[in-house]
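Hello,

Here is the structure I promised to pass on. Please open it first, then read my notes below.

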Amino acid sequence: MITRFGLRNFSSATSKKVGFMGLGNMGFSMMRNCMSHGYEITAYDVDDKILEKAEELGAKIAPDVKAAATDQDFCLTMLPNTDIVEQTRMGSNGIFENAREGAYIIDSSTISPSASRKMAEEGAKLGFKVADAPVSGGVTGAEAGTLTFMVGCKKDHFDGVKDFLMSMGSNVFHCGAPGTGQTSKICNNLMLAIQMMAVSEGLALGEKLGIDPAVLSKICSTSTSSCWTLNTYNPRPGILEGVPSSNNYDGGFGVSLIKKDLSIVLDSAAEVNLDLQFGTKAIEFYHELERQGKGNKDFGIVYQYINSLEKK
Ligand code: NAD
């Protein structure tokens with residue numbers, strides 16, 4: 001049955017309880033899909049307007065983290081960054097102080113792998129089943145319930161984590177011990193950030209040398225440079241319909257978010273004494289775009305910046 005909010009109403013075969021914290025661009029849709037699979041949601045966000053929308057969908061509203069975390073089977077966080085996740089989990093009146101023993105404590109934000117590992121160690125001492133489960137698939141994947149989850153957790157906890165996450169995604173991978181989900185995510189995003197710049201340079205050069213960028217894109221998509229940013233997320237406006245580059249770079253994956261992920265990448269590389277030269281160059285480009293006030297634009301806007309650079 002479809003409800004007036006467009007939710008598919010699955011029977012409440014699972015009436016498991018979830019404390020859902022962080023209902024932004026990603027979290028709100030994830031919460032809705034979770035709810036449509038029969039989970040009972042208690043929602044918390046610092047933004048009251050978002051909470052009103054969650055209440056309209058049928059979620060219980062929590063006034064603080066404590067109320068969201070108490071007596072839940074699952075506590076899921078989908079928050080902006082490492083500091084906020086640490087505060088929400090380990091701060092005073094946070095999840096670790098209030099969740100019941102044996103609860104699954106899952107974080108789907110993109111944060112530091114080493115911080116995730118340390119939080120998992122602390123959580124395990126308190127009897128929680130802790131997992132890092134960052135996602136790929138963006139806002140459209142969150143809406144459609146087709147996210148890919150990369151999970152770092154103890155092997156024994158994975159089946160329970162997977163059952164729950166399948167309400168919001170279509171692929172759930174066990175990457176290994178706690179922290180390895182975040183490691184997978186930041187390595188993916190390092191490759192993605194550089195790939196976007198490589199595609200942008202190729203398209204900018206080709207067009208200036210006189211080839212139609214649509215023709216070049218088609219050729220490259222069946223050649224050795226074929227990749228996701230070229231084939232399905234092309235940053236040159238007018239090549240593909242329905243992608244951010246053809247919508248003034250609105251929607252999509254923000255410059256500030258890819259920059260945040262690159263700074264986690266570089267901190268993580270420093271922890272293992274690895275000098276990532278392409279990653280270091282990439283963050284300079286996304287940082288410059290943020291400085292120009294384009295932090296909320298889709299990261300494909302790096303194409304415009306690269307296309308505007310002239311040799312001195
Ligand atoms: P967002 O900024 O839209 O949402 C974050 C939400 O957290 C907001 O509603 C905000 O009010 C809330 N919040 C902030 N501080 C809080 C606190 N202390 N307690 C409770 N709520 C708080 O971000 P998003 O795009 O939904 O991304 C969330 C996470 O997912 C980030 O870590 C991001 O890197 C990651 N991610 C985003 C995408 C994407 O395409 N947007 C894709 C994959 C992963």
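The ligand is surrounded by 23 residues. Asn25, Met26, Asp45, Leu79 and Lys260 are the closest. Please keep in mind that this is a predicted model.

Thr110 has a backbone N or O atom 3.0 Å from an oxygen atom of the ligand. Pro80 also places a backbone N or O atom by a ligand oxygen, at 3.3 Å. For Val46, the backbone N or O atom lies 3.5 Å from a nitrogen atom of the ligand. On its own, the ligand has 840 Å² of accessible area, and the protein covers 84% of that. Helix 7 (138-144) and helix 12 (255-271) are the elements that give two or more residues to the shell.

What is the make-up of the shell around the ligand? It divides into 13 nonpolar, 6 polar and 4 charged residues.

Now the overall layout. The chain is divided into domain 1, residues 17-177, and domain 2, residues 184-308. Their C-alpha centres lie 29 Å apart. Domain 1 puts 12 residues into the contact, and domain 2 puts in 9.

Next, Met26, one of the closest residues to the ligand. Where is Met26 placed? It is in the loop between strand 1 (17-21) and helix 1 (27-36). Is Met26 buried or exposed? Its relative accessible area is 16%, under the 20% cut-off, so Met26 counts as buried. Beyond its neighbours within four places in sequence, Met26 is in contact with Met78, Val135, Gly138, Val139, Ala142 and Leu147. Take Gly138 as an example. Met26 and Gly138 are 112 residues apart along the chain, yet their C-alpha atoms are separated by 7.3 Å.

Which side chain makes a polar contact with that of Thr42? It is the side chain of Gln72, at 3.4 Å. Gln72 is also one of the residues in contact with Thr42 once neighbours within four places in sequence are left aside.

Last, two backbone points. Most residues other than glycine have a negative phi. Asn93 is not a glycine, but has a positive phi of about 65°. Asn93 is in the loop between helix 4 (82-90) and helix 5 (95-98). With 41% relative accessibility, Asn93 falls between the 20% and 50% cut-offs, so it counts as partly exposed.

Asn273 also has a positive phi, about 55°, and is not a glycine either. Which loop holds Asn273? It is the one between helix 12 and helix 13 (277-291). The relative accessible area of Asn273 is 72%, over the 50% cut-off, so Asn273 is exposed.

To find your way around, begin at the ligand and its closest residues, Met26 among them.

Best wishes

Notes:
Residues are numbered from 1 along each chain as its sequence is written. This is a predicted model: local features need pLDDT of at least 70, side-chain atom pairs count only at pLDDT 80 or more; totals for chains, interfaces and linings use all residues. Side-chain values use heavy atoms; hydrogens and water are left out. A residue is near a molecule or strand if one of its heavy atoms lies within 4 Å of it. A polar contact is a pair of N or O atoms within 3.5 Å; within protein, one must be able to donate a hydrogen and the other to accept it, and residues adjacent in sequence count only if both atoms are side-chain atoms. Accessible areas come from the Shrake-Rupley method with a 1.4 Å probe; for residues, only the protein chains shown count as cover. Helices (H or I, at least four residues) and strands (E, at least two) are DSSP runs, numbered from the N terminus. Ala, Val, Leu, Ile, Met, Phe, Trp, Tyr, Cys and Pro count as nonpolar, Asp, Glu, Lys and Arg as charged, and the others, Gly among them, as polar. Buried means under 20% relative accessible area, exposed over 50%, partly exposed in between (1.4 Å probe, protein chains only). Contact means heavy atoms within 4.5 Å. Domain bounds come from an automatic or database domain assignment.
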